[in-house]
Amino acid sequence: VKPAPFEYHRPTSADEAIALLTEHGDEAKVLAGGQSLVPLLGLRLSRPAHLVDVNRIGELSGVANGDGLRLGATVRHHTLEASDTVRDGSPLLAAAAPFIGHRAIRNRGTIGGSVAHADPAAELPAVLLALDASVEARSGRGTRVIPANDLFTGFLSTSLDVDELLTAVLIPPWPTRAGWSFHEFNRRSGDFAIVGVAAVVRLAANGSIDGARLAFLGVDSRPVRAETAEAVLGGANPSADLWSEAARQAAAELSPTSDVHGSATYRKHLAGVLAERALHDAHRRASED
Amino acid sequence: MQKQPVAMTVNGRSRDGLVEPRKSLADFLRDDLLLTGTHVGCEHGACGACTVVIDGEAVRSCLLLAVQADGTEVLTIEGLEREGAMHPLQQAMRDRHGFQCGFCTPGFLMTAYALLSERTDFTEEEWREELSGNLCRCTGYQSIIAGVRLAAERLTNGEGSL
């Protein structure tokens with residue numbers, strides 16, 4: 001399990017990293033926390049000729065809460081779970097972070113790395129969908145903001161171009177009268193989820209649902225937003241029957257595959273169960289907000 | 001491939017070397033510095049045997065390139081011993097029979113060391129969660145949990161220091 005040889009670059013600025021990506025194109029890979037990429041290198045499933053290590057680029061490591069959260073690409077998962085700024089700015093993100101791997105993994109793994117890697121069973125891509133988050137991407141052609149909805153295009157695939165560097169994750173201000181929930185099911189703590197779900201429920205002044213977001217992980221080749229269920233929830237009055245009906249609709253639209261961890265039927269069932277719990281919990285938190 | 005110079009502090013000593021960029025920190029520690037106490041199990045981050053402490057945090061040394069550790073402060077299992085005597089964490093693990101074959105032990109100890117340097121009042125449930133990233137195929141974990149809890153208890157009571 002040893003990587004094939006590569007040339008190692010350690011830029012200290014985003015501009016320098018972008019210049020390297022521009023020069024080497026699809027021969028280059030960005031190395032952030034390395035908790036997914038290094039195993040892929042070792043198994044030789046990825047054989048880049050150039051590795052661009054972005055860990056020493058200071059401008060990528062900031063956490064700021066102004067008009068929403070701005071999280072630099074190399075912010076570590078452990079920071080997401082431990083930082084008060086993150087918890088205040090996005091309680092769902094802070095609550096989902098401890099589900100990522102184990103502590104030693106979270107000490108190195110980064111938000112930008114997880115999002116750019118786009119593992120369909122990973123926590124953060126689904127959380128970004130539920131939060132209506134975006135990412136900032138920079139290249140020699142300029143800077144653009146990509147909504148999470150348009151980012152995840154397939155298995156381990158994103159709409160980032162080969163010469164683009166994901167520089168930050170942008171999370172809109174946490175809405176008022178909103179509640180969140182994150183549930184996942186796995187066989188052992190720290191494993192990838194068999195199925196997971198992130199939910200946000202926003203209430204109007206009269207107690208009806210102003211809007212809801214529901215996003216699944218582990219059910220497809222990419223994280224999936226349950227838009228039909230979200231439409232059912234919008235404007236409705238909260239009730240146990242509503243959670244169960246929305247969860248049923250959400251699960252009905254999923255087309256998971258079977259693998260060694262669980263059959264498609266089992267995953268669909270689990271998705272419905274977890275979605276119902278998540279909506280219930282998110283609503284409870286919204287009522288307390 | 002061109003080798004690159006690396007320099008880091010390992011167990012309080014300045015160490016340097018010349019490595020291929022693809023070499024992991026685990027292999028650098030073992031093959032270049034001959035610090036074979038750090039064990040390499042799965043080599044892809046799943047088993048935790050290679051865990052070392054870098055700048056105060058537990059890290060998988062198989063998932064970090066040696067060149068990435070340049071300039072850091074690394075603590076390995078060899079750095080725990082104090083003038084020939086066992087570290088309180090090692091002693092507590094021994095007192096509770098916390099190892100059998102010993103392969104996973106360095107990873108467990110370095111993970112526990114990093115946790116104990118944050119606080120010592122973990123509940124049993126928290127210990128189980130925090131150590132769930134380290135696999136042991138012999139003990140069934142009970143004696144490992146007993147060992148780290150004994151270490152935490154002794155440290156809390158001021159019997160020894162980290």
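In chain B, B:Glu124 and B:Arg149 form a salt bridge whose closest N and O atoms are 2.9 Å apart; the term salt bridge stands for a side-chain nitrogen of Lys or Arg within 4 Å of a carboxyl oxygen of Asp or Glu. B:Glu124 sits in helix H4 (residues 124–130) of chain B and B:Arg149 in helix H5 (residues 142–156) of chain B, so the pair ties together parts that are 25 residues apart in sequence. Helices here are DSSP runs of H or I with at least four residues, strands are runs of E with at least two, and both are numbered from the N terminus. B:Glu124 is partly exposed, with a relative accessible area of 31%, and B:Arg149 counts as partly exposed at 36%. For these labels, buried means under 20% relative accessible area, exposed means over 50%, and partly exposed lies in between (1.4 Å probe, protein chains only).

The model is predicted, so local features need pLDDT of at least 70 and side-chain atom pairs count only at pLDDT 80 or more, while totals for chains, interfaces and linings use all residues. Residues are numbered from 1 along each chain as its sequence is written, chains are lettered from A and ligands numbered from 1 in the order in which they are written, and side-chain values use heavy atoms, with hydrogens and water left out.

Other charged pairs come next. Over all chains, a search of the whole structure finds 27 salt bridges. One of them joins B:Asp32 and B:Lys23, at 2.7 Å from N to O. B:Asp32 is partly exposed at 30% relative accessibility, and B:Lys23 is partly exposed at 22%. In chain A, the side chains of A:Arg202 and A:Asp210 meet in a salt bridge at 3.5 Å, N to O. Both ends are again partly exposed: A:Arg202 has a relative accessible area of 25%, and A:Asp210 has one of 47%. Salt bridges that share partners also join A:Asp132, A:Arg213, A:Arg225 and A:Glu230 into one network.

How do the two chains meet? In all, 30 residues of chain A are in contact with 28 residues of chain B, where contact means heavy atoms within 4.5 Å. Between them the chains bury about 2500 Å², 50% of it on carbon and sulfur atoms; buried area is the accessible area (1.4 Å probe) that two parts lose on being put together, summed over both. On the side of chain A, A:Phe6, A:Tyr8 and A:Arg103 lose the most area to chain B, together 21% of what that side buries.

Strand S1 (7–9), helix H2 (37–42), strand S3 (50–53) and helix H6 (103–106) of chain A each supply at least two residues of the side that touches chain B. H6(A) gives the most, with three residues. By type, the residues of this side divide into 13 nonpolar, eight polar and nine charged. Here Ala, Val, Leu, Ile, Met, Phe, Trp, Tyr, Cys and Pro count as nonpolar, Asp, Glu, Lys and Arg as charged, and the others, Gly among them, as polar.

Leaving aside residues up to four places away in sequence, A:Ile111 touches several residues, including A:Leu71, A:Leu80, A:Leu93, A:Leu124 and A:Val169.

Helix H1 of chain B has the buried residues B:Leu25, B:Ala26, B:Asp27, B:Phe28 and B:Leu29. Their cover includes strand S1 (4–10), strand S2 (13–19) and S3 of chain B. After H1(B) comes B:Leu34, which has a positive phi of about 60° although it is not a glycine. B:Leu34 is exposed, at 64% relative accessibility.
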